[in-house]
Amino acid sequence: MTQSAVYVYGVALPGCKPISTRGVEASRVRALEHAGLTALVSDIGAEQLAAAREVRAHWRVLDEASESCTILPVRFGTVMESEEAVRVTLLEPNGERLKALLRELDGRVQLVLKGDYDEPQLMRDVVRQSAAVAELRDRLRAVPAEAGYYDRIRLGELVADHVAHRRAEDTRIALETLEPLSVAAREEQIGQSDAAFNLAFLVDRDGLERFNQGVRKLAGELGERIALRYVGPLPPYSFADVELDTEAAAWA
Amino acid sequence: MAVAATPRGYIERPRPSGLADVIDVILDKGLVIDAYVRVSLIGIEILTIDARIVIASVDTYLRFAEAVNRLDIAHDDTTHGLPELMESITESGSSGKTKGVLEGAKESLFGGDDDNDDDDDKQQSQSRSRSRSRASSRSGSSSSRSRSGSSSSRSSRSRKKSS
């Protein structure tokens with residue numbers, strides 16, 4: 001990689017305030033305006049980024065940008081050959097699509113709501129509700145672990161079915177309350193086996209208060225069983241999840 | 001950066017110290033300009049793989065089996081039996097800690113938008129001392145994973161995912 005490569009943070013319509021926070025590799029972030037769009041970029045020299053620090057830099061740049069304008073985050077770790085490449089292969093050919101997306105997201109932010117079960121409590125509920133689980137468990141307790149290997153897998157499978165069912169139901173409850181208060185909602189992949197749901201919402205800035213009340217209401221309904229992590233407002237990461245065509249002009 | 005919550009949840013507004021809770025969003029979402037993704041990222045592969053291994057696997061089944069088996073034997077056992085997963089270790093810290101602060105939710109979420117980021121470090125240590133345990137322990141384990149993680153190329157990962 002040459003020293004002239006640029007790291008790309010995101011794309012916005014012109015009018016973002018200058019970014020004061022330092023970007024990846026502590027470089028200055030600048031706005032590259034072209035074809036009626038602005039790309040936030042900075043110079044990058046290293047071939048490898050140390051993830052923990054640079055993820056934070058990426059995040060902070062977008063966080064600051066989103067305070068003054070609507071920005072489409074580019075996926076973390078995206079480096080382009082040069083400013084010219086940003087202009088000619090990112091902004092120009094995708095201009096209409098990006099502008100349409102930006103208009104759609106204008107004045108809107110993302111909120112993330114994750115729910116996590118308390119695993120022992122969840123397991124107790126499953127055993128209470130399922131005679132099959134309770135019975136198989138009791139039977140397996142009398143058997144040495146090695147001997148009961150396939151039965152243990154079977155038991156775990158039964159439990160997993162119940163947990164999946166519970167997840168679907170709790171996701172439905174959450175969406176029923178919050179989807180009407182949002183412009184769009186997405187179910188994201190859950191991250192661990194005691195997770196209940198992982199939801200992303202696109203919300204109008206001036207609808208935040210109502211959405212927040214919805215989350216509180218939901219917390220009242222689910223709070224005994226599910227720990228909620230509610231994070232936002234964020235730039236619309238989940239709603240900028242678009243793959244652009246750049247089949248031409250990859251690096252030689 | 002206050003924390004507000006249900007009896008056993010918490011709600012927060014993300015400054016950089018809230019990054020642990022949205023790291024999956026940041027790593028996985030956004031415009032993809034695939035041909036140009038060339039930077040390799042130390043440790044990132046590990047973080048994102050972790051988020052994918054839990055769904056249906058024999059390992060998951062065995063863990064669930066173990067979890068139901070353990071119920072009566074160790075009733076108040078706070079360890080989760082999911083040592084592989086970075087997010088599972090801190091339940092005891094987050095439960096029961098946050099009762100009664102629900103009213104702070106609005107301010108902590110939507111107030112302070114124009115805060116300067118200069119006080120990140122302070123915020124971070126504050127949130128630690130509140131034992132918002134999930135977030136802080138997760139970021140802790142993330143960085144240790146990063147160090148031990150293999151480096152792998154970003155582009156191969158995005159290909160894999162889009163297929």
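Student: What share of the 163 residues in chain B is made up of buried residues?

Tutor: Buried residues make up 43% of chain B. A residue is called buried if 20 or more other C-beta atoms, placed from the backbone, lie within 10 Å of its own; it is exposed if there are 12 or fewer, and partly exposed in between. In chain A, 49% of the 252 residues count as buried. This is a predicted model, in which local features need pLDDT of at least 70 and side-chain atom pairs count only at pLDDT 80 or more, while totals for chains, interfaces and linings use all residues. Residues are numbered from 1 along each chain as its sequence is written, and chains are lettered from A and ligands numbered from 1 in the order in which they are written.

Student: What is the confidence in chain B?

Tutor: The mean pLDDT (the predictor's confidence in each residue, from 0 to 100) of chain B is 44, and 17% of its residues reach 70 or more. Over residues 1-17 of chain B the pLDDT is below 50, although this stretch has 80 contacts in the model beyond near neighbours in sequence; a contact requires C-beta atoms, placed from the backbone, within 7 Å. The model scores ipTM 0.72 and pTM 0.67.

Student: Why is Gly191(A) called buried?

Tutor: Gly191(A) has 23 other C-beta atoms within 10 Å, and the definition asks for 20 or more, so the residue qualifies as buried. Gly191(A) lies in the loop between β8 (184-187) and β9 (195-204) of chain A. Its C-alpha atom is 9.7 Å from that of Lys114(A), 77 residues away along the chain.

Student: What makes strand β7 (residues 108-117) of chain A mostly covered?

Tutor: In β7(A), 10 of the 10 residues are buried.

Student: Which residues of helix α5 (residues 131-141) of chain A are buried, and how do you know on which side they lie?

Tutor: They are Val133(A), Leu136(A) and Arg137(A). They cover an arc (of the directions from the helix axis to the C-beta atoms) of only 100 degrees, which puts them on the same side of α5(A). The face turned away from that side carries the exposed residues Ala131(A), Glu135(A), Asp138(A) and Arg139(A).

Student: What makes a set of residues a nonpolar core, and which residues have the most contacts inside the largest one?

Tutor: A nonpolar core is a set of buried Ala, Val, Leu, Ile, Met, Phe, Trp, Tyr and Cys residues joined through C-beta atoms within 7 Å. The largest has 89 residues, and Val159(A) and Val68(B) have the most contacts inside it. Leaving aside neighbours within four places in sequence, Val68(B) is in contact with residues of chain A including Val133(A), Arg137(A) and Val159(A).

How values were computed. Contact = placed C-beta atoms within 7 Å. Helix = DSSP H or I, 4+ residues; strand = E, 2+ residues; numbered from the N terminus.
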